[in-house]
Every structure is written in structure tokens, then in C-alpha cells.
Amino acid sequence: MITSMRSRAALLAGLLTSAAALAACGSSDEGTSSGSSSGGGKGKIGVSVPTVQGPFFTAMLYGMKDEAKKLGYTLEIRDAGGYANVDKQASQFENLGVQGVKAVLIDPADPTTLTGSLAQVKAANVPVVGAGDHFPGADVSVSSSHCDVGHAMAKGAQELLPDGGTMAALTGPAGAPWTTDRWKCFTDDIKSTNIKIVSEKASDPAVEQGVTIASDFLQRTPKLDLVYGADDTVGVGAAKAVQEAKRCGKTQVLTAVLGREAEALLEEGCVNYVVAQQTVLVGRLAVREADKLIAGTKPPSDTVSVPLVPVTKDNLATVDISKLREPDSYKP
Amino acid sequence: MSATSAETEADRSGDEGDRLARLRRIDPRDAGLPLAVLALMVFFTVQSSVFFTVANFQNVGLQAAALALVAFGQCFVVLSAGIDLSVGSTVALSSVVTAIVMKDTSIPVGILAGLGTGVGVGLVNGLVITVLRVVPFVATLAMLSVASGLALSWSGGTPIAGLPSGFTKIALTRVAGVPLPVVIAACAFLLGYAVLRHTRLGRYLYAVGGNAEAARLAGVDVRVVTAVAYVVCSFFAACGAVVLTARVSSGQPTLGASLALESVAAVVIGGVSLFGGRGSIVGVLFGVAFVSILSNGLNLLNVSSYTQLLILGVALVAVIAIDRRISRGRGEET
């Protein structure tokens, strides 16, 4: 009895130790909730993001880390694990406020739910910088507004379909402000054109869902002229569906965020217009604004608007990818 | 279903003279779900001019293949009175491993590595459940977290693109007009059917699910049978991962996130009891067909996303309620 209990306890201990070792080996800045990058002596800057996954956040966090290293800060990154975890982000944001960081950079999943936390953090005299999304009430926000992305995508749609045509839309995660703003400003501009939206569906920002939904839409409208993908997860999925249906160039694909897959598909002609955000630059500028705030400088306005870059196959060679995306060799 | 009646029924199938008994097993009350699938198909054919076409069925098959593979595996586990919540993360981890290994070596080695990952995950699940005696819900929930964390760590949180084009062709190849992923799922179905109906392992699985203690007393090694069920489940999930990874031509650390719940839904709709020991993989096949056709049809009709969620929930409950009503109405056999 005792022997079997002891051996069971030993087995359990062994398993827990290996699990801990595995977690330690596998952990990275983003994988753990208390990631920090080695750096200098100017102190810590807290970073709160809804998720660390995906091309957008990988690029933005790279920009932040690199700039922080240059300026001599270390970063404490907190990952809420998903756009739906607004309460978790609120807690992480508040915790950063009391952990002695010099400033907090935050990409709010939903700015309206974080106003209370914002008040708390500001009451502790910690400067707050919105990064990637506009955060009303923060000292300054560095972003490309999603409405501007929507307008730019509408411009792209009109360039791709000057005489109008049929369009299907993969609008991204339902209820997320970034998708609703983007879509609203896009549709406002499209209303006056001959582009008709024949199908529309929200989904998770997942490539395989993009493939499934887009192939169903292509079934529904075999001679579809254009597919709108809210960002390059569903956008890439839509392009693959177009590829599967052998309609590259005939059914054009419009999306935002120039991830590697999107770029490769752009070169193949299966993605036709990408509204790229200068995501790495957003990360860098956010850290620079935090640095200025820590030094006591008041920002001239509460918004630093980072311009968008429309990318097609023709101008791809002239685009400065280093501002859009992390280097290929980078592993977070 | 008790261990002894499982044995008797299986013996009956082998009995040459007992054709009547076999006919009796194809019971009108088992027709609930297939009829529901048929009704769905009729409805969508009427409502949409593009539903009942070869191209659309090829599409649906392609979309359903991965879910089918995962659901067949889940069937094994649920029959043993367990559950595997980690299948989604297993798909993600297998996808990442397949991609990483494939880029450095070759397509077959990459695929083997992915499948091996599935077997490994299943082994750990099986051991944690049988040796450490952690209940399946908790054990597989923990594995969900571990596998997901590993997938994200090893991939750096971003997709691993640049896979050889020969691999991605798996998703595009057709065998006599049937997409290759559908052929793979069909083979998995036949394999699962054969194991569950015509092998001792299958009989033991039903026995363990129906009444583990009685099975143990009857001489069945419950721990081995249970562990094997989880290995089979994760292996099938890894097969699903290979198919999905080929379809999106990249290793994705968040692939298949919704598959855990979807596979359980397909299994339950298919008539497999969550308490174990009862049900058939044929039912699961119809469960997968129901869910996939419903989703495809609603997309073809451009029903709004929010309404689709509502319809899916209502349809789920309706199908199961009607199916159970038919069973209870005719009197259930134990």
C-alpha cells in the first residue's frame, strides 16, 4: 500500500517537474504572462495586449522590443489570451499600474470597458500610451485608425473594380471594435459605387475559417468579382479558396496587414490589394512617446496617426517592409 | 448497454444463420438522424440553386473531412465513457510540428512527425487518466493548455509558411472526382468501423464504457483499453491536422480551435452516449454530415452570422430531442 502510494507520489512529482521544465524551456516573452526582454537601466515599461498571436501583434511587439532596447528600457508584456478576455486585460492593465513600471503601452481590446482601469492607472501617475488602437483618455495614442483602414480599403476596392461588381465580405470577429469600425467606414464609401455586397459573414480571425467561408461564397456566386478580408488571417484564407477554385486574378482579394503569407500570395496574384499598416513603426513610436512622457514632456496632441501603405503587386518592390513587419530571422 | 449484451450482440453478427437479427438492428428508430440530414439536403436544394451540385458537395466534403477525422477519434473516447477536450490543441500542435519538421526534412518525414505528435499526446492523456487517475475532463483540459502553449512557443505565435507545394497539393488532389481529404476521412471511418465492430478491442471498448467495473471483473484490462482509446483519438486528430495544414498550406498554432466542441457535438448528435458504452461510428458520420451541411447551406443562403449561431444551437437540440423521442417511443433495448 505504502509502496504504491510512494511510487504514485514519485511519479506525480516527476511529471510535475518535467512539466515545469518543459514550460520553462518553451516559454518566451509572449508565451508567459510575465515576459520581459533584457535591456537597460532606464526601468520597465509595461505592455498590455489582447493577444500576442498573429502577424499584427508579432510585428508591433517586435517594434516595441527593439526600440525599448535602443532606448534602454525593459518591457513587461502581459497577454490577455484573446480579444474576448476583456476582463483579463483590465486586471492585467491595473496590475501593471501598481507594479512600478515607468509607463504602460496598451492595445485595448475594447476601449470602453477599460475606462475604469485607465482612471486607476492614471491616478497612480503612470503615463499611458495607446498602441495599435486609439485609447480615448490615454495620454497619447499611436495607431492607424481602423476607420482609415476601412476608407483605404474602399479606395482599393474602387481601384480593383472601377466599373463596379459583386463582392463578398469576411468581416472578421463579430463585435470587435477594429472590425466594426473598419467595415462601417468601408461600407460608407462603397454605398455610392456600383460594388454590390452579395455575401457577408463574421468569423474568428482564422485562416481555415476564411478558406471555408470564402469557398462557400464562391459556390454561391461563382463569378464573384471581389472578396474583402478584414485582415490577413481571413484574407489569406479567402485567397486560398480563390486559388483552390482556380480564380486568381478573376476573383480579386482585398485585405489589410501585409503578413508573409499575404505577401507571397500577392506575388502570385491571388491577393490583389493590401492596405498595410506600418505595424513595426507603430510599436517603435509608442515606445518613443512613452519615453517622452517619462521625461515629462507633454505630447502636442493625443493622437499620433501612422500612415497606411496601400500595396499591390506593382509597388511591392518599393515598400519598406522593415516598417511593416519583423525581420525573417526574428523569433519572439 | 452492459458488457454481456455487447458481447452477445457482436456474437450475433458473426452468426451466419441470424440474418433476421442483423436486419432487426437496422432499426427505424436509428433513422432519425439520417432522415434529418436528408431533410436538410432537400431544404437547401429547394432554397439554393447551387447546393445540389458536384462542386458544392466536393466543397462540403473538403470542409467536413477534418471535423470527421477528429470526430471519429472522439467517438472512441466517448464510447469509453471519457472525453477529449484537447483535440483542438492537438491539431494545432501537430500542425506546427508537421510544418517545422517538413521545412527541414521532407514531406513524408514531416507528416510522420505530425502523426507521431498525435500519438504522443494521446499517450500522455492515456497515462494521466489511467495511472494518475485524473478524470478525463480535467486531464484533457490540462493537455489543451499544454499543447496549445507548446504550439505557440514552437511557432513563435505566427504561422509557419513556405511549405513544399507537393504537400499542399494533398488538399487539391481528387481521386475520381472525390477530394483526397475525403478519401482519407473515408478510410479512417472504415478503419474505425472495423475496429469497433469486428475486433476484440472494439468489444472491450463498449464494455469498459458501459460498465468499467463489470468489464474489469470479466477480465478486460480497463486501463489499457482506456489508454488506447485516447491514443486513437489523438492520432485521428493528428490526421485531421495534416489535412487542415495542407488546406491552409502553413503550420498554424491556433488551427482547429473550435474542433473540440464541434467534434463532441457531432458525436452526441450521432447518438453516442456521453455516459459511454452506447452508439455507433456510423451515427457520428451522420452527425458530421449534419453539422457540415447545415453550415454550408446557411452560408450559401447568406444567412447572417448571428442568426447562424442561433440556428445551429436550436437545430442541435431539436435533432437530439426528436431522435431520443423516437427511441423512447418505440421502447429502448438495453
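**Questions on a predicted two-chain model**

Me: Is A:Ala124 buried, partly exposed or exposed in this predicted model?
Reply: Around A:Ala124, 14 other C-beta atoms lie within 10 Å. A residue counts as buried with 20 or more such atoms and as exposed with 12 or fewer. A:Ala124 is therefore partly exposed.

Me: Which residues is A:Ala124 in contact with, leaving aside its neighbours within four places in sequence?
Reply: A:Ala124 is found in the loop between α4 (115-123) and β5 (128-131) of chain A. A:Glu94 is 30 residues away from A:Ala124 in sequence, and their C-alpha atoms are 10.0 Å apart. Beyond four places in sequence, the contacts of A:Ala124 are A:Gly97 and A:Val98.

Me: What percentage of the residues in chain A is buried?
Reply: Chain A has eleven helices and 13 strands. Among its contacts with a separation of 6 or more, 75% join residues 24 or more positions apart. Of the 332 residues in chain A, the buried share is 53%.

Me: Which strands are the edge strands of the six-stranded open sheet in chain A?
Reply: The order of the strands in this sheet is β8-β7-β9-β10-β11-β13 (chain A), with mixed pairing. An edge strand here pairs on one side only. The edge strands are β8 (195-202) and β13 (308-311) of chain A.

Me: Which residue is the bridge partner of A:Ala169 in β8(A)?
Reply: Strand β7 (residues 165-172) of chain A runs parallel to β8(A), and seven bridges join the two. In β8(A), the partner of A:Ala169 is A:Glu200.

Me: Which strands does helix α7 of chain A touch where it packs on the sheet?
Reply: Helix α7 covers residues 207-220 of chain A, and its direction makes about 155° with that of β7(A). The strands touched by this helix are β7, β8 and β9 (226-229) of chain A.

Me: Are α7(A) and α4(B) roughly parallel or roughly antiparallel to each other?
Reply: The two helices pack with their axes 10 Å apart, at an angle of about 170°. Angles over 145 degrees count as roughly antiparallel. The arrangement of α7(A) and α4(B) is therefore roughly antiparallel.

Me: How many residues in the contact of α7(A) with α4(B) are polar?
Reply: From α7(A), the contact involves A:Thr212, A:Ser215, A:Asp216 and A:Gln219. From α4(B) come B:Ala55, B:Asn56, B:Asn59 and B:Gln63. One residue of this contact is nonpolar and one is charged, while the number of polar residues is six.

Me: How many charged residues are on the side of chain B that touches chain A?
Reply: In the contact between the chains, 33 residues of chain B meet 34 residues of chain A. Elements giving two or more residues to the chain B side include α4 (54-79), α12 (222-248) and α15 (305-330) of chain B. By class, this side has 16 nonpolar and 16 polar residues, and the number of charged ones is one.

Me: Which helix has the lowest mean pLDDT among the elements of chain B?
Reply: Chain B averages a pLDDT of 88, and helix α6 (residues 107-130) of chain B has the highest mean among its elements, 97. Over residues 1-14 of chain B, however, pLDDT stays under 50. Where pLDDT is low, the predicted coordinates should not be read in detail. The lowest mean, 46, belongs to helix α1 (residues 3-14) of chain B.

Conventions:
Residues numbered from 1 in each chain as written. Chains lettered and ligands numbered in written order. Predicted model: local features only at pLDDT ≥ 70, side-chain atom pairs only at ≥ 80, totals over all residues. Pairing = 2+ DSSP bridges. Helix = DSSP H or I, 4+ residues; strand = E, 2+ residues; numbered from the N terminus. Contact = placed C-beta atoms within 7 Å. Axes fitted to C-alpha atoms, helices over the stretch in contact; angles between N-to-C directions. Nonpolar A, V, L, I, M, F, W, Y, C, P; charged D, E, K, R; others polar. pLDDT = per-residue confidence, 0-100. Parallel < 35°, antiparallel > 145°, perpendicular 65-115°, else oblique.
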